[in-house]
Amino acid sequence: MKNIAIKTSRFLLMGLLTYGTLSCEDFLDKEPLADLTENNFFKTQAQATEALIGTYDVLQWNTVSGYHTTPLVLDILSDDSYSGGQPSSEPSLLEMDRHRVLTTNGEVWGLYKKHYVGISRANALLSNIDAIEAPEDFKKRTKAEAKFLRAHFYLDLVRFYENVPLILEPLAPSEYNQPAATPKEVYNQIAKDLVEAMADLPSSNLRASGGRATRWAAKALLARAYLFYKGVYNQEMQAGDVTVDAQYARQQLEEVITQSGHALLDNYADNFTRANEFSIESVWEISYSDENPWWDWGYIHGGEGNMQPQQQGPRIREATGLNYVAGWSTATPTQELYNAFSNDDPRREATILTEEEVGGRSNLNLGYQHTGYFSKKYTTSVEYLREDGQLELNWGNNYRSIRFSDVLLMAAELSVLTGTDGQDYLDRVRRRVDLDPVLATLENIRQERRLELALEGIRYWDLLRYGLNDANAAITVNRSSLPANYVGSLSDFNIQFNTARKGFLPIPQSEIDLSAGTLTQNSGY
């Protein structure tokens with residue numbers, strides 16, 4: 001991870017948690033590990049820092065079982081991308097694309113496991129931090145970061161699976177078999193963690209914090225959680241004694257807008273350049289790095305690279321003179337997304353890479369569900385190209401998880417919901433790309449979110465919170481003919497959203513089997 005110091009952590013290697021990862025440097029200068037246990041590890045400030053780094057590290061993992069990041073999976077589930085690539089090598093993604101996900105889907109299991117590894121690491125740190133020898137201000141910030149991370153993992157987990165166990169402390173082996181909590185219990189814990197974290201996280205930007213969580217990131221993540229929970233369940237969240245309702249969530253965003261120093265970059269496309277990682281527009285970012293080249297295909301998340309650019313890059317035959325090198329053409333953008341942009345909206349060119357920009361169709365090895373379009377935001381740009389290490393495993397593109405424009409649009413939406421004026425927030429987003437103002441209605445704000453945040457892993461969860469009718473109308477496609485750019489048969493591009501499943505993934509069958517009936521399958525599976 002860029003800016004978060006990565007060293008091989010004894011915390012990761014001593015077997016306290018399910019998985020260990022991070023770069024393989026410095027093995028020889030570590031003390032013997034055989035005698036380390038959870039009881040004797042958490043003693044010093046340095047050890048607590050190692051444990052915190054190990055918790056951050058899980059954010060950058062792929063889905064454990066494959067090469068795919070959370071945002072890529074979400075775009076494929078949405079109406080913005082097809083699975084693309086090669087279905088023979090990526091059947092799990094094709095199931096998601098078609099909304100015909102099996103309970104044995106490898107990506108479903110991988111995402112589930114990844115998030116519980118992160119939660120387990122956060123729990124271990126929070127359970128031991130008070131006993132270590134360290135200054136109180138260090139302990140406060142460390143606890144705040146661990147709570148932010150636990151909330152982060154749980155928010156993705158509960159939005160993917162809905163019915164998940166809520167585990168808040170390390171478990172003894174006899175306690176491993178835990179029942180699912182209610183969504184309300186999980187969302188209330190997310191809110192509690194974030195509200196408590198706000199007080200002790202730094203009020204700096206990401207560049208100053210070294211890529212670690214800030215107060216502003218926690219406030220924005222809380223608003224994101226609230227909007228989803230309110231949209232899907234029509235309830236407020238309870239963070240201990242604090243009721244998180246639309247007014248409270250809007251207040252947190254207004255503090256980000258007026259107090260954080262975050263702002264929009266002048267040029268929209270600059271958000272996704274290497275120079276603008278941790279930029280003034282980036283409220284929260286997941287860090288990746290090419291600084292420690294990785295080679296091991298059998299242990300991909302042992303490195304620090306981002307597989308999403310490799311997945312989404314075009315399958316170029318000859319890259320000489322181009323700004324991109326060959327990728328795998330996964331998550332090909334849809335014609336509907338392309339058409340959603342007006343011709344005078346510069347965000348289309350900054351978001352979607354056309355086949356003409358990479359030498360034309362004759363310069364491409366066409367993948368499955370070829371639409372003529374690729375992602376330009378997270379792709380195989382030559383500015384990220386590294387010459388050593390396995391090329392595909394060492395893309396250093398950071399993922400911009402929450403941009404300031406998203407904060408403005410969430411604030412505009414919450415303003416409408418609370419009967420206040422959110423016009424200026426919407427206007428600021430459109431003014432940046434020289435578009436005329438439109439009235440700040442829910443419909444216009446939702447459309448703006450699709451355009452502003454396209455191919456950033458936001459759209460699918462937005463659709464679910466708008467309602468199943470909206471999700472079905474957007475995702476279901478029944479074509480009678482193909483757009484001119486498309487290559488394949490009609491059946492390749494027709495999708496049927498499954499409303500019975502409410503947009504959630506299944507609980508992995510292996511987890512249900514291990515639980516001996518304690519866990520039950522989600523509806524529709």
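Me: Why are H4 and H5 called oblique to each other?

Reply: In this predicted model, the axes of helix H4 (residues 70–77) and helix H5 (residues 91–98) cross at roughly 45 degrees. Angles under 35 degrees count as roughly parallel and those from 65 to 115 as roughly perpendicular, with the rest, apart from those over 145, being oblique, and H4 and H5 are therefore oblique to each other. Their axes come within 7 Å.

Me: What makes up the contact of H4 with H5, by residue and by class?

Reply: From H4, Leu 72, Val 73, Ile 76 and Leu 77 meet Leu 93, Met 96 and Asp 97 of H5. By class, this contact has six nonpolar residues, no polar ones and one charged.

Me: Why is Gln 496 called partly exposed?

Reply: The relative accessibility of Gln 496 is 43%. Buried means under 20% and exposed over 50%, with partly exposed in between, so Gln 496 counts as partly exposed. Gln 496 is found in the loop between helix H20 (490–493) and helix H21 (509–515). Leaving aside its neighbours within four places in sequence, Gln 496 is in contact with Arg 98, His 99, Asn 472 and Thr 476.

Me: What makes the second largest cavity a cavity, and which residues line the second largest cavity?

Reply: A cavity is a set of points where a 1.4 Å probe fits but cannot get out, and the structure holds two cavities of 30 Å³ or more. The second largest cavity has a volume of about 60 Å³. Its lining consists of Leu 77, His 99, Val 101, Tyr 460, Phe 497, Asn 498, Arg 501, Gly 503, Phe 504, Leu 505 and Tyr 525, which divide into seven nonpolar, three polar and one charged.

Me: Which element gives the most to the lining of the largest cavity?

Reply: The largest cavity has a volume of about 340 Å³. Of the 27 residues that line the largest cavity, the closest to its centre are Asp 156, Arg 159, Arg 224, Ser 401 and Trp 461. The elements that give two or more residues to this lining are H4, helix H6 (106–128), helix H7 (136–161), helix H10 (215–233), strand S6 (399–403) and H18, and H7 gives the most, with five residues. By class, the lining of the largest cavity divides into 14 nonpolar, six polar and seven charged residues.

Me: What covers the buried residues of H17?

Reply: In helix H17 (residues 442–452), the buried residues are Ile 445, Glu 448, Arg 449, Arg 450, Leu 451 and Glu 452, where buried means under 20% relative accessible area. What covers them includes helix H13 (335–340), helix H14 (346–351), S6, helix H15 (404–417), helix H16 (423–432) and H18.

Notes
Residues numbered from 1 in each chain as written. Predicted model: local features only at pLDDT ≥ 70, side-chain atom pairs only at ≥ 80, totals over all residues. Heavy atoms only, no water. Axes fitted to C-alpha atoms, helices over the stretch in contact; angles between N-to-C directions. Helix = DSSP H or I, 4+ residues; strand = E, 2+ residues; numbered from the N terminus. Contact = heavy atoms within 4.5 Å. Nonpolar A, V, L, I, M, F, W, Y, C, P; charged D, E, K, R; others polar. 1 Å grid on protein atoms, 1.4 Å probe; cavity = no way out; pocket = protein on both sides within 12 Å on 5 of 7 lines; lining within 4 Å. Points joined across faces, edges and corners; volume = space filled by probe spheres on them. Buried < 20%, exposed > 50% of the residue type's maximum accessible area, 1.4 Å probe, protein only.
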